[in-house]
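Hi,

Here is the structure I promised to pass on. Have a look at it first, and then read my notes below.

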Amino acid sequence: MVKAIRVNEPGSPEVLKWEDVEVGDPKDGEIRIKHKAIGLNFLDVYYRKGHIKAPTLPYTPGVEGVGVVTAVGPGVTDRKVGELVGYACYPMGSYAEERILPADKAVPVPPSVDPVVAASVLLKGMTAQYLVHRCFKVQLGHTVLVHAAAGGTGSLLCQWANALGATVIGTVSTKEKEAQAKEDGCHHVIIYKEEDFVARVNEITSGKGVEVVYDSVGKDTIQGSLACLKIRGYLVSFGDASGAPDPVPLSALGAKSLFLTRSGLFQYTATREELVETAADVFASLASGVLRVRVNHTYPLSHAAQAHADLENRKTTGSVVLVP
């Protein structure tokens with residue numbers, strides 16, 4: 001038996017319970033991992049609240065972790081016992097001391113990368129990678145708007161877009177987060193509680209608008225995000241921190257021939273080749289200094305409920321990691 005966080009019903013952070021679970025031995029194509037660090041993501045909150053329905057109840061949450069391989073199942077040839085690996089994938093189950101994982105979902109973690117850093121950056125870093133390189137290809141001279149610029153993914157997005165030569169505008173909620181966003185490559189930071197971000201973007205761009213908006217906030221920002229776009233601009237919606245946005249009629253896109261996509265990491269790492277290449281790009285960008293990771297908050301895994309509460313109440317910046 002090992003310890004894990006279990007969810008028996010959707011609800012507030014208090015539904016995250018610390019319980020004993022059986023792990024078992026890996027079957028064909030599987031490995032067993034002993035976690036060293038576990039990434040906390042807003043996706044976990046959506047499942048816990050029931051905004052996204054979990055496949056079964058009860059369940060162990062979490063889609064991101066780093067750990068040591070302790071056993072390999074039949075047919076597994078490219079992973080070995082003692083190897084440090086990371087993953088950001090389904091099935092859920094990372095909020096546990098140990099777990100079983102499909103071997104083809106694990107990627108090797110370079111020895112130079114600390115497990116806590118790896119767990120903080122794999123999902124968010126791969127998300128930033130596909131957002132700036134494949135969903136919309138950020139290039140020199142572009143102007144981009146990043147909502148929640150001081151968050152885990154937002155921070156990496158700003159750094160990467162800056163490195164690619166874009167002018168980066170970020171929105172944040174507080175003065176403290178403004179300072180961090182500037183450190184992470186934002187040329188302009190808007191404290192959205194103090195000023196209208198649409199008017200400010202219009203002013204910064206001299207009325208031209210931005211090529212792309214990366215919006216993980218959802219309901220509170222979606223209409224404003226559309227208004228910030230230049231002709232043929234892209235609105236990339238990849239999260240709903242404020243709740244699911246209202247439907248956008250096609251006619252709202254027509255006036256400026258806008259593009260709107262709702263994207264998710266797992267569709268951009270659907271093949272083994274895509275997964276390995278995306279993760280390798282993240283680790284290479286860490287090594288080269290393009291990306292700097294802030295693990296500003298670590299919690300014992302048993303305190304996952306407090307970590308969820310702090311994340312939802314905007315008390316965190318950068319990445320949050322749970323440690324078994």
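**Asp184 and its surroundings**

Asp184 and Arg294 meet through their side chains in a polar contact of 2.6 Å (a pair of N or O atoms within 3.5 Å; within protein, one must be able to donate a hydrogen and the other to accept it, and residues adjacent in sequence count only if both atoms are side-chain atoms). Please keep in mind that this is a predicted model, where local features need pLDDT of at least 70 and side-chain atom pairs count only at pLDDT 80 or more, while totals for chains, interfaces and linings use all residues. Residues are numbered from 1 along each chain as its sequence is written, and side-chain values use heavy atoms, with hydrogens and water left out.

To find Asp184, go to the loop between helix 4 (175-183) and strand 10 (188-191); helices (H or I, at least four residues) and strands (E, at least two) are DSSP runs, numbered from the N terminus. Asp184 has 1% relative accessibility, so it counts as buried (under 20% relative accessible area, with a 1.4 Å probe and protein chains only). Beyond its neighbours within four places in sequence, Asp184 is in contact (heavy atoms within 4.5 Å) with Ser155, Cys158, Gln159, Arg292 and Arg294.

**The chain as a whole**

The protein chain holds ten helices and 15 strands. Its C-alpha trace spans about 60 × 40 × 35 Å along the principal axes. Buried residues make up 53% of the 324 in the protein chain. Of the contacts between residues at least 6 apart in sequence, 67% join residues at least 24 apart.

Best wishes

Terms used:
Buried < 20%, exposed > 50% of the residue type's maximum accessible area, 1.4 Å probe, protein only.
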